[in-house]
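Good morning, everyone. Please put the sequence and the model up on the screen, and I will walk you through them.

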Amino acid sequence: MKIVMKVEMNCGKCRTKALQIATQADGAEFVGFDEKRQDELIVTGKGVDAVKIVGALRKKVGKTSLISVEDDVTEPKA
């Protein structure tokens, strides 16, 4: 699952706090910022709850909007 969120961050401290919040999410395997758009936070992993992450970011960092949620379901080849 890949979740992309736009987070309004005013300083480096806010960026650090956003990363800490996202890494604490259950099932998060990768957390980082988009190279081109530094205000977009990307979280990938299995069973990650996008609503919980967005709620926590809104409460502790600032305005956060959910851009996309992709479920990468790849079936094993026989």
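**Cysteines, fold and one glutamate**

A search of the whole structure finds 0 disulfides, a disulfide being a pair of cysteine sulfur atoms within 2.5 Å. In general terms, a disulfide is a covalent bond between the sulfur atoms of two cysteines.

Some ground rules. This is a predicted model, where local features need pLDDT of at least 70, side-chain atom pairs count only at pLDDT 80 or more, and totals for chains, interfaces and linings use all residues. Residues are numbered from 1 along each chain as its sequence is written, and side-chain values use heavy atoms, with hydrogens and water left out.

Back to the cysteines. Cys-14 counts as buried, at 19% relative accessibility. Cys-11 counts as partly exposed, at 36%. The cut-offs: buried is under 20% relative accessible area, exposed is over 50%, and partly exposed is in between (1.4 Å probe, protein chains only).

Next, the fold. The chain has 2 helices and 4 strands. From the N terminus on, they run β-α-β-β-α-β. Both kinds of element are DSSP runs, numbered from the N terminus: helices are H or I with at least four residues, strands are E with at least two.

Now the overall dimensions. For 78 residues, a compact globule would have a radius of gyration near 12 Å; this chain has 13 Å, which agrees. That radius is taken over C-alpha atoms, and the globule rule is 2.2 Å times the number of residues to the power 0.38. The C-alpha trace spans about 50 × 25 × 15 Å along its principal axes. Buried residues make up 35% of the 78.

Contact means heavy atoms within 4.5 Å.

Is Glu-40 buried or exposed? Glu-40 is buried, with a relative accessible area of 13%. Which residues does Glu-40 touch? Leaving aside neighbours within four places in sequence, Glu-40 is in contact with Val-4, Met-5, Lys-6, Gly-32, Phe-33, Asp-34 and Ile-67.

That is the tour. Thank you.
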